[in-house]
Amino acid sequence: MPENSPVSAPPSEGGRLSLSLTTPKIVFLIIAAAAPLAAMVGTVPLAFALGNGPGVPAVFVFAGLTLMCFCVGYAAISRKVVNAGGFYTYISCGLGRPPAVAGGLIAVVAYNTAAVGLLGSFSYFARLVAASHGLDLPWEAWAAAGLLAVGVLGYRQIDLSVRVLGVAMCCEVAILLLLAAAVLIRHGGSALPGTPFTPHTLSGPGIGVSMMFAFISFIGIESAALYGEEAHNPERSVSRATYISVSLIAVFYGFISWVAVGAVGPGNIQKLATNQLGDLFFNLSDDYLTSALTTAMQTLLCLSLFAGWLALHNAANRYMLVLGRERLLPGALGQVHPRHASPHRASLTQTVFSLLTASAFAIAGLDPYLGLATSMLGLGTLCIVFLQAVACLSVIGFFRGRPDRHWWRTALAPALGFAGLVLEPPRVRWRLDFMKGSSDGTTFPLPA
């Protein structure tokens, strides 16, 4: 095969996945995994309170630029290697099989634990929102209902998941843009102050915490490569979807958090976020919109968390499918459903893993948010950021000596991405206890 030809996985004895995804559909899958409304309501106030306050919008932009360097190399290799294996396949092509095996298994841990983390977040907020409107059920009931829905959607052909994710993403983005428009109408140009982008604000205390939360908010942007086998035009769809997703997330998150700073005031945002935390955006909605739209935002928050959970469930399935094909996991996981053309056995396995993990936390009496969600999401994020850094090195290794190498796309850009990403795993690792909500040291062995 010529060196500049795409490398595709051969048909597997377990069957091929459905060929049904276009660039917009892959974008829906990626952005849904980032859960925009959940990130704004749950993550951004924490970044305001514990990070560098009004500097958070600029941190989102910086994180986006760092990940864009990662995406340049990631897109370059995705045009040459078409497979559902994501990190596993790319590391194998660039660094060899032993590092790829380790990377693939870490990816399985990453996406499975991140999916369980969003199970915890969904069940926690669904209980709170429902209880505030008179339906008081335990979080375990919401977890069970959500797990059943995710399991069914993950078992079926991915087009069904895409339709659900597309509706969820459009609704949650729409409510945040409506809030931003209301703030801009009331305050005009002062709704977008220049303070977040001044050197003094950017260099203030808490920049490391803000950076950690910013990278957490981009979780899933690398998952486009997992859908290469299901794309109509994988050599172009995967790279385009990755670029579009990172650009949209960086601009959208930066803009909405910037508007929030303008609505509250740069000098007040850190104190107010510390006092209100998860209620910050709901209170802004009460002030700038209406209580009815605030109720809609609360409902859409649960839908956003469900959409992110479903997207990560689908990503985990595809890693287990590929590792099952490679016999690194039981071969049964590499089978594709004869009618739905989906990784049905991998989906069932992920569902059972989520059920057992959530049940263990419930039996132990641990909080679904401070116990289950934060610890599992923290571990998943740590693994994913680490794998993104390794993938940058894989791009450099894959194109080294090839005639189609390029000084920017296959060398400098991935090197810059690696430099920016390699600083994040230590930050996330040493803040796992903080993310878990305790300092008892029980999360110390978790990454090992």
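Helices here are DSSP runs of H or I with at least four residues, strands are runs of E with at least two, and both are numbered from the N terminus. This is a predicted model, in which local features need pLDDT of at least 70, side-chain atom pairs count only at pLDDT 80 or more, and totals for chains, interfaces and linings use all residues. Residues are numbered from 1 along each chain as its sequence is written, and side-chain values use heavy atoms, with hydrogens and water left out.

**View 1. The protein chain as a whole.** Welcome to the overview: the protein chain has 18 helices and two strands. Of its 448 residues, 58% count as buried, where buried means under 20% relative accessible area, exposed over 50%, and partly exposed in between (1.4 Å probe, protein chains only). The protein chain exposes about 16,700 Å², with carbon and sulfur atoms supplying 67% of that area; accessible areas come from the Shrake-Rupley method with a 1.4 Å probe, and for residues only the protein chains shown count as cover. Take contacts (heavy atoms within 4.5 Å) between residues at least 6 apart in sequence: 82% of them join residues at least 24 apart.

**View 2. Helix 5 and the glycine that follows.** Helix 5 runs over residues 97-132, and its 36 residues reach 52 Å from first C-alpha to last. That is close to the 52 Å expected at 1.5 Å a residue, the expected span being 1.5 Å times one less than the number of residues. Just after helix 5, look for G134, which takes a positive phi of about 95°.

**View 3. The largest pocket and its lining.** About 910 Å³ of space lies in the largest pocket. Of the 39 residues that line this pocket, the closest to its centre are G42, T43, L46, F125 and Y369. For the method-minded, a pocket is an open set of points on a 1 Å grid over the protein atoms alone, where a 1.4 Å probe fits, with protein on both sides within 12 Å along at least five of seven lines; lining residues have an atom within 4 Å of a point. Which helix gives the most to the lining of the largest pocket? Helix 2 does, with eight residues. Among the others that each supply at least two residues are helix 1 (23-34), helix 9 (207-217) and helix 15 (368-399).

**View 4. Helix 13 and R327.** Helix 13 has 35 residues and reaches 51 Å from its first C-alpha to its last, close to the 51 Å expected. Because 28 of its 35 residues are buried, helix 13 is largely enclosed by the rest of the structure. R327 lies in the loop between helix 13 and helix 14 (344-363), and its phi near 65° is a positive value in a residue other than glycine. R327 is exposed, with a relative accessible area of 51%.

View 5. A346 sits in helix 14 and counts as buried at 0% relative accessibility. Leaving aside neighbours within four places in sequence, A346 is in contact with N317, M320, L321 and L333. The C-alpha atoms of A346 and N317 are separated by 5.0 Å, although these residues are 29 apart along the chain. I185, found in helix 7 (residues 158-187), counts as exposed at 73% relative accessibility. Its C-alpha is separated by 9.7 Å from that of Y288, 103 residues away along the chain.

Conventions. Grid points are joined across faces, edges and corners, and a volume is the space filled by probe spheres set on the points.
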